[in-house]
Amino acid sequence: MSRSKIFVAVATALSILVLADLLTARMARNSVPRQTMSTIAAAPPAIDVLGIGNSLIAAGFDPAAVQRTFQQSGRRCVAINGGLGATGVIEHLALTRLALRDHSVKIVVYGFFDQQMSDDVIGKNSDIIGNRGMLYYQEPQLTLLYARFGTFDRLSFEVYRSSALLRERGAIWSKVEKLRRAFSAIGMPPQEINQFGRRADFAALEAADPQDFFRACQRVIQSGDFLSAPVQALLHQARDHGAKVVVVEMPMHPLHLKEFYAQPIWEQFRNGTRAAVESAGATYLDASAWVPDARLFDDHLHLSRVGANRFSQLLATYLIGAIN
């Protein structure tokens, strides 16, 4: 092959890659993380209650119900839901910092479940996909500081964040996955879905069995590391900005409570976590059994819209009585 033909082939390939990169960036302009960040950025200068966490907060924290409950008690309230599904503790720190940067925040409600606050730190660059992609563009130095990256993953992270085609690959994959699922569902009974996707998918977020849950709790108890470094930073930085933090053990489906939280080791784990939270200057709130009706859950982890309204009213009532 002549040099001119090789040059044309390389130039064409590069042009296609550049175009794909631009199209991917355009497609991701209104991604879910960017929507959540815009919600926080567009909030009034003074936020009274800010919800932070993963999909449990995104689904379970109802700002309208919180505001309405405050107003019924004669108090003004601006409530913002900064929850983002399929994220970890570094993203939660980044979103909290975003709110604290341009707003005064009175109360931060940080929701968690199981061992999330102790073992949810990302370990590989390849795991940053979907909503976690915000780690590439929202204070990426936090990821380099807290992620458990080796040298290769640190280099990969820098390469990926320089290209929309790589950092936003989840946007492309989600469309391919939806198409794949549509074809695989032909002739099959319909599967239950909720606001986040297939209900069955969320079973993978729970422990495989009670023994697996026991071992996970035991590992944390033996290490004493109940709060990961990003969570500690979140608690301390919120406090330094004058915000009061309430760490909430989120409502769980009755079956989750029975299978996992009824184990004696969970009470031991809870006590250790509570002590760590309070040592960091925050308040620990056990709301795991606040919604005992299974019909108010979309799956074993996520509250339905009605359940979110119920929980948020109870949460607001607690905040009114406990936080001056």
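## Briefing on a predicted protein chain

The backbone oxygen of Ile57 lies 3.2 Å from a polar atom of the Asn81 side chain, a polar contact in the sense of an N or O pair within 3.5 Å, where within protein one atom must be able to donate a hydrogen and the other to accept it, and residues adjacent in sequence count only if both atoms are side-chain atoms. The model is predicted: local features need pLDDT of at least 70 and side-chain atom pairs count only at pLDDT 80 or more, while totals for chains, interfaces and linings use all residues. Residues are numbered from 1 along each chain as its sequence is written, and side-chain values use heavy atoms, with hydrogens and water left out.

**Overall make-up**

- The secondary structure of the protein chain comes to 16 helices and seven strands; these are DSSP runs numbered from the N terminus, with helices being H or I of at least four residues and strands E of at least two.
- Of the 324 residues in the protein chain, 48% count as buried, meaning under 20% relative accessible area, with exposed being over 50% and partly exposed in between (1.4 Å probe, protein chains only).
- Among contacts (heavy atoms within 4.5 Å) between residues at least 6 apart in sequence, 81% join residues at least 24 apart.

- Asn81 belongs to strand β2 and is buried, with a relative accessible area of 17%.
- Leaving aside neighbours within four places in sequence, Asn81 is in contact with Thr39, Gly51, Ile57, Ala58, Phe61 and Pro63.
- The C-alpha atoms of Asn81 and Ala64 are separated by 9.8 Å, with the two residues 17 apart along the chain.
- Gly85, in the loop between β2 and α5, counts as buried at 10% relative accessibility.
- Beyond four places in sequence, the contacts of Gly85 are Asn54, Ser55, Ala58 and Asn131.
- A C-alpha separation of 8.9 Å is found between Gly85 and Val32, which are 53 residues apart along the chain.

**Helix α4**

- At the start of α4, a side-chain oxygen of Asp62 comes to within 3.1 Å of the backbone nitrogen of Ala64.
- Helix α4 spans residues 63-72, and its buried residues are Ala65, Val66, Thr69 and Phe70. They lie on the same side of α4 because they cover an arc of only 135 degrees around the axis, the arc being that of the directions from the helix axis to the C-beta atoms.
- The cover over these buried residues includes β1 (46-52), β2 (79-81) and α16 (305-322).
- Just after α4, Gly74 has a positive phi of about 85 degrees.

**Helix α5**

- Val89 is located in helix α5, residues 89-102, and counts as buried at 0% relative accessibility.
- Val89 and Tyr146 are 57 residues apart along the chain, and their C-alpha atoms are separated by 9.6 Å.

- Most residues other than glycine have a negative phi.
- Asp114 is not a glycine, yet its phi is positive at about 50 degrees. Asp114 lies in the loop between β3 (104-112) and α6 (116-119), and counts as buried at 6% relative accessibility.
- Glu139, likewise a residue other than glycine, has a positive phi near 50 degrees. The loop between α7 (134-137) and α8 (140-146) holds Glu139, which counts as buried at 19% relative accessibility.

**Rings and cysteines**

- The structure holds eleven aromatic pairs, where rings of Phe, Tyr and Trp (its six-membered ring) pair if their centres lie within 6.5 Å; planes under 30 degrees apart count as stacked, over 60 as edge-to-face and the rest as tilted.
- Ring pairs link Phe213, Phe226, Phe260, Tyr261, Trp266 and Phe269 into a cluster.
- Arg34 sits over the face of Tyr137, at 4.0 Å from the ring centre; the criterion is NZ of Lys or CZ of Arg within 6 Å of the ring centre and within 35 degrees of the ring normal.
- Zero disulfides are found in a search of the whole structure, a disulfide being a pair of cysteine sulfur atoms within 2.5 Å.
- Cys77 counts as buried at 5% relative accessibility, and Cys217 counts as buried at 0%.
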